[in-house]
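Please look at the sequence and the three-dimensional structure shown here. The briefing that follows is grouped by topic.

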Amino acid sequence: MRMKLRGAGVIAAAMALVLVSVGVYFGYRQVSQPGCSGEAKLNVAAASEIAPAIEKAAKAWVDGGAQADGVCVAVNVVQQEPVDVAAVVAGKHGVALAGVGLANGTATMPDVWVPDSSTWLLRLTSAAQGFSPSNGQSIARSPVVVAMPEPVAQQIGWPQKKISWLDLLGQLTTGTSIKPGIVEPTRDAAGLSGLLALGAQAGTLGAQAQSAQTAVLRALASGKSALREDLLAKFPRSTDPASIAQALSVAPLSEEDVVQYNSTKPPIPLAALYLEPAPTSLDYPYAVMPGTDPMKAKAAEGLFRVLTAKDFKNDLGAQHLRAADGTWGDGFEAPAGAPSPAGTPQVTKSADSGGTAAGSADPAVVNTTLATWTAVTLPARMLAVIDISGTMGGKVPSAGNATRMKLTQQAATRGLGLFSDDWAVGLWVFSSNLGGGKDYKELVPIQPVSSGRSALLGQLGAIQPKKGGDTGLYDTILAAYKNVQKGWQSGRVNSIVMLTDGIGNDDPDGGISQAGLLRELNSIKDKSKPVQLIIIGLGDEVNRGPLDQITKVTGGGVFVAKDPAKIGEIFLQAISRRPNTN
């Protein structure tokens, strides 16, 4: 039985050491081959489930006299979780991916990376302009399926009935007998694929779309796991009806996960449901990293030819994987009802649309989906501060001449609709001279959304721009920071989200200067009680330089909606920002 190494740090480290040794062995064997000289050592990082197949094919290639332009080739294959390599790439390019965090110190930058899904490349190329791997073609496939314990699947008609997405949505949003789960989609490609598919289907429900999408997210979040092994362990381990009723009953997983799980002969096997339209498959792209030495790049071309040869399909079959065309080779144990071919093919997008992507994945959709997921599933303590200066009454042609104020209200209202009752939210407005010698005014103090939702919605809907009002930005930032810091709560992200037309600090009464604000913030900030400041600027007149300096002190960031009509997307990205909490 093949043991999967996702999440098993000690075992993975030991295996990596073994594989490094194997790589040295490949090199030694090749140096002794006649007809070539020198050595090009190709370092390959691959997802754990496909790494053994790559290792086997690479060894045969090297033993048979692998070379690139007369130079001997050595191949070192290391199993690396895609999220760990993604963290290394993101760190090198100075960007952050939602949920990924910092590199763990065990992964390094390879010459060739074979993650489980092109969505990793999509997310990275979308975030880091300098990241542009070459090739990117699929070498394997594993469809993403809806996994259910067979008795549960039989209750809803499987295998005789063709289960639809609407059937599943109904079970998730209105039923109580189904206990859903998901692997954290910011860190797992199969979880992300399932989330995208469910979200897309909920989005077809017209007026009920937003409520259905939120209900699906919350249902999945109730059974989420950080690792696939943890999620799989939640499926029933006994045929006792009570055990089945209490255990996990549905989750999006890869076909490979289901086949591997069933190969262990569990008391209750998993059924794999192949719903249409099919979720984005795991497609195992062969990505040659930018900056790879030209000779190594030549070696990578040779290895790619080996991994796309006919014989490789059988190596994949032994690892419960399909070939890139969705068919399977010898040794593949297909789940009941599995079609062939199955899954979504890889689609290569133009360079200006974000590089290579799997299936129909779109970077904007992926980013928005993950931002929404984060907003729904990670409750926070937040003070929303909205600009009501006169310029917020300006009309936006791209939004049907709605005012900036109206668009801001709509974005904040939609965001509030996503927040669970576990959130704590307050509302301020700011301009100039709003009473008591202050440029800001509290409308709703920070309080649990469970008790304050109606008050927040009422106050949001009543906000109006102040005719001729200026922008007391710096005084408001300092006051808001002190307010959130005073009531700081452990275990939550304590944050200020400020929405402004971004023209800058324009306070007729003087107020604090930027230099004074920076001194004050540096003086009062407490690393043990972090408060992050998120500033969302509207329009193309945003002067983000001073704002970046401020958020560099507080943590957080500046997000600019050059087209105010897109503030909803920017708002989601902003509120999903999550630093480490204490």
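Two strands are said to pair if DSSP finds at least two bridges between them, and helices (H or I, at least four residues) and strands (E, at least two) are DSSP runs numbered from the N terminus. This is a predicted model, in which local features need pLDDT of at least 70 and side-chain atom pairs count only at pLDDT 80 or more, while totals for chains, interfaces and linings use all residues. Residues are numbered from 1 along each chain as its sequence is written, and side-chain values use heavy atoms, with hydrogens and water left out.

**The six-stranded sheet**

- Six strands form an open sheet with mixed pairing, and their order is S18-S17-S14-S19-S20-S21.
- The edges are strand S18 (440–448) and strand S21 (556–561), each of which pairs on one side only.
- Neighbouring strands of this sheet are turned by 15° against each other on average, direction ignored, where axes are lines fitted to C-alpha atoms, for helices over the stretch in contact, and angles run from 0 to 180 degrees between N-to-C directions.
- Strand S17 (residues 424–430) runs antiparallel to S18 and is joined to it by six bridges, and Ala424 stands opposite Pro448 in S18.
- Helix H16 (residues 449–462) packs on the sheet, where it touches S14, S17 and S18, and its direction makes about 155° with that of S18; contact here means heavy atoms within 4.5 Å.
- Helix H19 (residues 544–554) lies across S20 and S21 and runs at about 150° to S21.

**Strand S19 within the sheet**

- Strand S14 (residues 380–387) pairs with S19 in the parallel sense over seven bridges, with Met382 opposite Ser495 of S19.
- S19 also pairs in the parallel sense with strand S20 (residues 532–538), over six bridges, and the bridge partner of Leu499 in S20 is Ile536.
- Strand S19 (residues 493–500) is mostly covered, since eight of its eight residues are buried, a term that means under 20% relative accessible area, as against over 50% for exposed and partly exposed in between (1.4 Å probe, protein chains only).
- In a regular strand the side chains alternate between the two faces of the sheet.
- In S19, Val493, Ser495, Val497 and Leu499 point one way, whereas Asn494, Ile496, Met498 and Thr500 point the other way, and all are buried.

**Helix pairs**

- Helix H14 (residues 363–377) and helix H20 (residues 567–575) pack at an angle of about 50° with their axes 8 Å apart, and they are therefore oblique to each other; angles under 35 degrees count as roughly parallel, over 145 as roughly antiparallel, 65 to 115 as roughly perpendicular and the rest as oblique.
- The contact is made by Thr368, Ala371, Thr372 and Ala375 of H14 together with Leu572, Gln573 and Ile575 of H20.
- By class, the contact of H14 with H20 has four nonpolar, three polar and no charged residues, where Ala, Val, Leu, Ile, Met, Phe, Trp, Tyr, Cys and Pro count as nonpolar, Asp, Glu, Lys and Arg as charged, and the others, Gly among them, as polar.
- Helix H6 (residues 165–173) and helix H8 (residues 209–221) pack at about 70° with their axes 9 Å apart, which makes H6 roughly perpendicular to H8.
- H6 passes H8 in a left-handed crossing, and Leu169, Leu172 and Thr173 in H6 meet Ala212, Ala215, Val216 and Ala219 in H8.
- By class, the contact of H6 with H8 has six nonpolar, one polar and no charged residues.

**Helix H11**

- Helix H11 (residues 255–263) is mostly covered, with seven of its nine residues buried, among them Glu255, Glu256 and Asp257.
- The buried residues of H11 pack against strand S6 (144–149), helix H9 (228–232), strand S9 (251–254) and strand S10 (270–273).
- H11 is followed by Lys265, whose phi is positive, near 55°.

**Backbone features in loops**

- The peptide bond from Trp158 to Pro159 is cis, with omega near 0°, and Pro159 is placed in the loop between helix H5 (150–155) and H6.
- The peptide bond from Glu276 to Pro277 is also cis, with omega near 0°, and Pro277 is placed in the loop between S10 and strand S11 (285–288).
- Tyr284, which lies in the loop between S10 and S11, has a positive phi of about 45° although it is not a glycine, and at 0% relative accessibility Tyr284 counts as buried.

Notes. A crossing is left-handed if the near helix is turned anticlockwise from the far one by less than a right angle, and right-handed if clockwise.
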